[in-house]
Structures are given as structure tokens and as C-alpha cells.
Amino acid sequence: MVRAHERDASRRLARGPAGRRPWWVAHPVPRRAVPGLEWESSGTRAVVRVTGELDAQLETFLAGRPLAGCRELEIDLAGVPSIGSAGLAALLGVRRWTLQRGIAVRLRNVQPSVGRVVELAGLDQLFGGAEPPSAPVQDLALF
């Protein structure tokens, strides 16, 4: 049995106050940038421009590119407004992948918010101006 005061409350909750819009209309969800990767190669240097979110597709994108004779890979993060754990994992995967091939990797045009996260994670030293190793490095995989 529904009591009179319960019925009134349910009616009030079902409709908004007169002249007011629901909260989801007043506060729309921000749109995320469409992820994109662009490739540019010249001689011993290659540049990858990343826009939107940085994720695991970066590593698969690089695996499909010809890197014969490339000694330096630059990742341009000008179009990346923020980075999360998936982005950090992608950067570490790319670093591992390039170390195995004897290629130096650097980050450029890093947004302040992204640079701060990379610095807090302790990865800023890994993506500095270090020279490429003389021989390819192989990681030990533990199962």
C-alpha cells in the first residue's frame, strides 16, 4: 500500500522543477580528441606525431613501419593533452622495442601536464638525450 506522502515524493522526483534543466544538460561531457598517429621519416631520423590519447596502438603502429637505418626516433606529444597509465605503459613498450633495435627514442613538444606525469613516474631520464646503445639490447622475459 502506497501512502499519500510517498506518492507525492515519487511524483516530485519524476519531474524537474519548473523552468530548470536536468544537470546532464547543463554539464555536458567533454569530447575527447580523436586519436591519431602520423609518421615522418628522413634518413636516420623518424618522427611520430601523436594526437589524442596515447595507448598501446603506438607500439603496433611503429612495428608496421620501416625503420631500416633509423638511429633516432622522436615522439611528438604536442597533441596529447593528458596521459594515464596506459600511455606510460605504451611509452615503456616503445622504449623496450627501440632498445632492442638500437634506436634512441626522445620525447618532444611535451605538454606541461604530460611532462609532469612522466617526471613523477621517473621516466624523464629514460627519454632524454641519451645516445643509442652500440648493440641491440635484449630484455629477459620472465613467465
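A: R65 lies over the face of F61, at 4.0 Å from the ring centre; a charge sits over a ring if NZ of Lys or CZ of Arg is within 6 Å of the ring centre and within 35 degrees of the ring normal. This is a predicted model, in which local features need pLDDT of at least 70 and side-chain atom pairs count only at pLDDT 80 or more, while totals for chains, interfaces and linings use all residues. Residues are numbered from 1 along each chain as its sequence is written, and side-chain values use heavy atoms, with hydrogens and water left out.

Next, the sheet. Four strands form an open sheet in the order β1-β2-β3-β4, with mixed pairing. Here strands (E, at least two residues) and helices (H or I, at least four) are DSSP runs numbered from the N terminus, and two strands pair if DSSP finds at least two bridges between them. At the edges are β1 (36–42) and β4 (104–108), each of which pairs on one side only.

β1 and β2 (residues 45–51) run antiparallel and are joined by seven bridges. Within this pair, E40 stands opposite V47 of β2. β3 (residues 72–79) and β4, in contrast, run parallel, with five bridges between them. D76 has R108 in β4 as its bridge partner. From β3 the chain crosses through helix α4 (residues 85–100) to β4, in a right-handed β-α-β crossover: with the strands pointing away from the viewer, the path from the first strand over the helix to the second runs clockwise.
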